[in-house]
Amino acid sequence: MRAVIVAIGVAFLVSLFCTPIAIKVFTRLKAGQPIRSDGPAMHQTKKGTPTMGGVVFILATVIAYVAGHLALTTLPDAQIAQVEPTITALVLLGLMVFSGAVGFLDDFLKVRKRNSAGLNKRGKLLGQILVGAVFGVVALYFPSTMTDASGAVTNTETVGSTTLSFIRDIDALEVSKVGAVIIFIFVVMGATNGVNLTDGLDGLATGASVMVLAAYALIAFWQYRHWCADPSYTQGQEYCYAVRDPLEIALIAGAAAGACVGFLWWNTSPARIFMGDTGALGLGGLIAGMAMSTRTILLLPIIGGLFVIITMSVVIQIISFRTTGKRVFRMSPLQHHFELAGWSEVNIVVRFWIIAGIGVAIALGLFYSEFLANMT
């Protein structure tokens, strides 16, 4: 727990104090956010606000991961904690960094062209597929070689699984490794686009992501305390979690949540900096990795319920307009519909945060109730 707390604290402080520096740098570079001409009129006042702020909390997460590992070296159960960097960290941080890189390219092109077009849809989709495929392969094809004091291998789990999962792996829903990689690519695409569509109001995506990442930190730490690879846990195999490196997952999720809180200080209304696609795609990639590594793929739509609702509003709008010529919403994504309906930006953000919190609470309730049911 000490390592997780250290990572959260370091990520928060780095993000909190480095974001003002990023604001000055991006302002000096004239990296202002172009505003859609067909968007709500009140958004025109945000024109020129520096973007690409996601660089700060991505960097803060990586720095906090290193700091958390330094704290791990002082733990009495360092062997169980796996002090050395792991494939799990490579996958999770890699997903965040390289998904963020795709978003950075999109932001860079927007700033350079001075319009909101950026990277075309095909290019962005190709980038998401490539990132998902590369790290999906790493997650499925590199098992752990964790050993105990006698040298015997105690954990041969991979980061991902060849079975679909809800609270844990569902053995009846097994697929091939290739199939699992393909499924993960779709999870990456869904999560990155979901967070990206949720972005657009000051603090909305950042606050919602904090809740989702905090939930994954709790889930992963609970799995660490009831880990099948931990010889000190003797409650029985049916009550433990067959995952790989759960403390690593908790540490990274906590670090990312802490970094987002530090960034939210400057991103809340009126925002002094936007996360941009850099931050939105980076967070989406990390959240997809969290779902895979904690074996909770099918729980993700509940944990990220707000992202699902907002994504579906876009899908519904497109289908309705193309089939009937009519729009269901005044504008999509959904948050802009309520803007045009007269809701203030702060009201929309807070109410949508409540919806995000409800989804997280339901998901955590389902996760813990399954464990409690097995214990009774």
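By class, the contact of H1 with H2 divides into 16 nonpolar, 3 polar and no charged residues. Here Ala, Val, Leu, Ile, Met, Phe, Trp, Tyr, Cys and Pro count as nonpolar, Asp, Glu, Lys and Arg as charged, and the others, Gly among them, as polar.

This is a predicted model, in which local features need pLDDT of at least 70 and side-chain atom pairs count only at pLDDT 80 or more, while totals for chains, interfaces and linings use all residues. Residues are numbered from 1 along each chain as its sequence is written, and side-chain values use heavy atoms, with hydrogens and water left out.

Stay on the pair. Helices (H or I, at least four residues) and strands (E, at least two) are DSSP runs, numbered from the N terminus.

From the H2 side, Phe57, Ala60, Thr61, Ala64, Tyr65, Gly68, His69 and Leu72 make the contact. On H8, select Leu247, Glu248, Leu251, Ile252, Ala255, Ala256, Ala259, Cys260 and Phe263. The contact of H2 with H8 has 13 nonpolar, 3 polar and 1 charged residues.

Move to helix H4 (residues 87-113) and helix H5 (residues 121-141). Their axes come within 10 Å and cross at roughly 170°, so H4 and H5 are roughly antiparallel to each other. Ile87, Leu90, Val91, Gly94, Leu95, Phe98, Ser99, Val102 and Asp106 of H4 meet Lys124, Gly127, Val131, Phe135, Val138 and Ala139 of H5. This contact of H4 with H5 counts 10 nonpolar, 3 polar and 2 charged residues.

The structure holds 1 cavity of 30 Å³ or more. On a 1 Å grid over the protein atoms alone, a cavity is a set of points where a 1.4 Å probe fits but cannot get out, and a pocket is an open set with protein on both sides within 12 Å along at least five of seven lines; lining residues have an atom within 4 Å of a point. The largest cavity contains about 130 Å³ of space, a volume being the space filled by probe spheres set on the points, which are joined across faces, edges and corners. Of its 15 lining residues, Ser161, Thr163, Ala180, Ile183 and Ile297 are the closest to the centre. Strand S3 (163-165) and H6 give two or more residues to the lining.

Last, select H6 (177-198), H10 (300-303) and H11 (305-324), which each supply at least two residues of the lining of the second largest pocket. About 340 Å³ of space lies in this pocket. Among its 15 lining residues, Gly190, Ala191, Leu300, Pro301 and Val308 lie nearest the centre. H6 gives the largest share, 5 residues.

Note on methods: Contact = heavy atoms within 4.5 Å. Axes fitted to C-alpha atoms, helices over the stretch in contact; angles between N-to-C directions. Parallel < 35°, antiparallel > 145°, perpendicular 65-115°, else oblique.
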